[in-house]
Amino acid sequence: MAPDRFSVGIDLGGSRLRGGLVSQDGQLVARVETRTEADRGVPGVLANLKRVIAQLLDSSDPSRVAGIGIAAAGQIHPATHAVVYAPNLNWKDVPLRDEIESAFGLPTYVDNDVRAAAWGEYRFGVGRGAKSLIAVFVGTGVGSGAVVNGMLLAGHDNAAGELGHTQVVMDGLPCLCGQSGCVEPYASGSGFVRRVEAALAQHVETSLAADIGGDPRRVTAALVERAAAAGDALARLLWTDAERYLGMALANYVTLLNPELLVLGGGIMLTSPSLADALAEQVARRATVMSRGVRVAVAALGDSAGIFGAADRVWLHL
Ligand SMILES: [Zn+2]
């Protein structure tokens with residue numbers, strides 16, 4: 001039997017930097033996690049990244065490592081694999097692939113982090129065996145990746161899947177992207193923070209004020225869900241909006257792509273497991289009748305999905 005071959009998978013996020021050594025058949029044989037330290041600028045983050053990759057390479061016979069896949073939070077140039085723009089890292093036009101290839105002499109590929117996580121779930125997570133799936137991750141923001149008949153949708157500018165910036169409310173709440181009425185201000189961690197902040201500024205009565213000690217940055221989805229269940233009017237409005245508008249966006253997505261499986265992941269899905277049931281119910285009600293057979297499942301790989309996805313994308317390029 002031929003010895004296993006491996007690739008390095010990196011998930012480069014705004015706060016955490018995670019890496020793994022993954023065999024071609026999807027076994028995670030080494031894992032390293034550290035802080036990204038985005039505040040140290042591009043050279044500081046690259047130094048951390050190279051240290052993580054070196055540690056992972058040291059854990060194996062280097063001749064058996066075929067390449068490096070990086071999932072980075074931001075827009076990735078489809079040809080050069082440079083990071084065009086990454087607000088969480090505060091990066092613009094960073095030639096990430098060239099930097100890592102010249103440092104390690106291994107073929108290197110960079111994908112968007114959410115798309116890579118969707119690929120990870122498709123290949124080795126809850127989507128294993130499915131041919132077409134949509135994976136939606138709800139946390140600080142809302143992102144997604146879609147695999148249709150075995151192909152990960154990238155789009156012309158490598159920007160497909162921005163579900164958080166699809167519009168669900170005419171002239172609705174302003175979004176950080178500059179538009180209004182997007183999903184994200186209604187159904188994300190950052191959206192809850194900003195809505196509570198606005199409500200407190202208008203002296204709206206809410207039990208959330210005591211929960212967060214008056215500091216809107218401490219608002220979490222779990223707190224909103226709990227206060228809503230206890231009958232707080234503001235929290236009920238926020239939670240109901242999140243379910244409705246995210247449910248609407250998911251139903252539209254399912255109607256458009258007709259996937260076999262809808263994967264729900266991200267921090268909020270973990271802390272508020274009942275949200276998945278509410279969203280599944282919305283999709284079953286709102287999606288076109290031809291697509292209502294879609295299965296809904298919670299993501300299985302947690303915060304390792306990006307590592308698996310990035311590592312596995314290497315084999316597609318070689
Ligand atoms: Zn937006």
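Buried here means under 20% relative accessible area, with over 50% exposed and anything in between partly exposed (1.4 Å probe, protein chains only). Keep that in mind as you tour this predicted model, in which local features need pLDDT of at least 70, side-chain atom pairs count only at pLDDT 80 or more, and totals for chains, interfaces and linings use all residues. Residues are numbered from 1 along each chain as its sequence is written, and side-chain values use heavy atoms, leaving out hydrogens and water.

**Stop 1: helix H1**

Select residues 41-58, helix H1. Helices (H or I, at least four residues) and strands (E, at least two) are DSSP runs, numbered from the N terminus. The expected span of a helix is 1.5 Å times one less than its number of residues. For the 18 residues of H1 that gives 26 Å, and the end C-alpha atoms are 26 Å apart, so the two agree.

Now colour the buried residues of H1: Gly44, Val45, Leu46, Asn48, Leu49, Val52, Ile53, Leu56 and Leu57. Their packing partners include strand E1 (6-12), strand E4 (65-72) and helix H2 (96-104), where contact means heavy atoms within 4.5 Å.

**Stop 2: a three-stranded sheet**

Strand E7 (91-94) is another of those partners. E7 also belongs to an open, antiparallel sheet of 3 strands in the order E5-E6-E7; two strands pair if DSSP finds at least two bridges between them. Strand E5 (75-76) and E7 stand at the edges with a single partner strand each, so one side of each has no neighbour in the sheet. Show strand E6 (residues 83-86), joined to E7 by 3 bridges, and find Val83 opposite Val94 in E7.

**Stop 3**

Next, display the open sheet of 5 strands, ordered E11-E10-E9-E12-E13 with mixed pairing. Its edge strands are E11 (151-152) and E13 (295-298). E13 runs parallel to strand E12 (residues 261-265), and 4 bridges join them; one to pick out is Leu261 with its partner Arg295.

**Stop 4: around Trp119**

Which residue lies over the face of Trp119? Arg313 does, at 4.6 Å from the ring centre. A charge sits over a ring if NZ of Lys or CZ of Arg is within 6 Å of the ring centre and within 35 degrees of the ring normal. At 4% relative accessibility, Trp119 counts as buried, and so does Tyr122 at 14%. Trp119 and Tyr122 are 3 residues apart in H3, about one helical turn.
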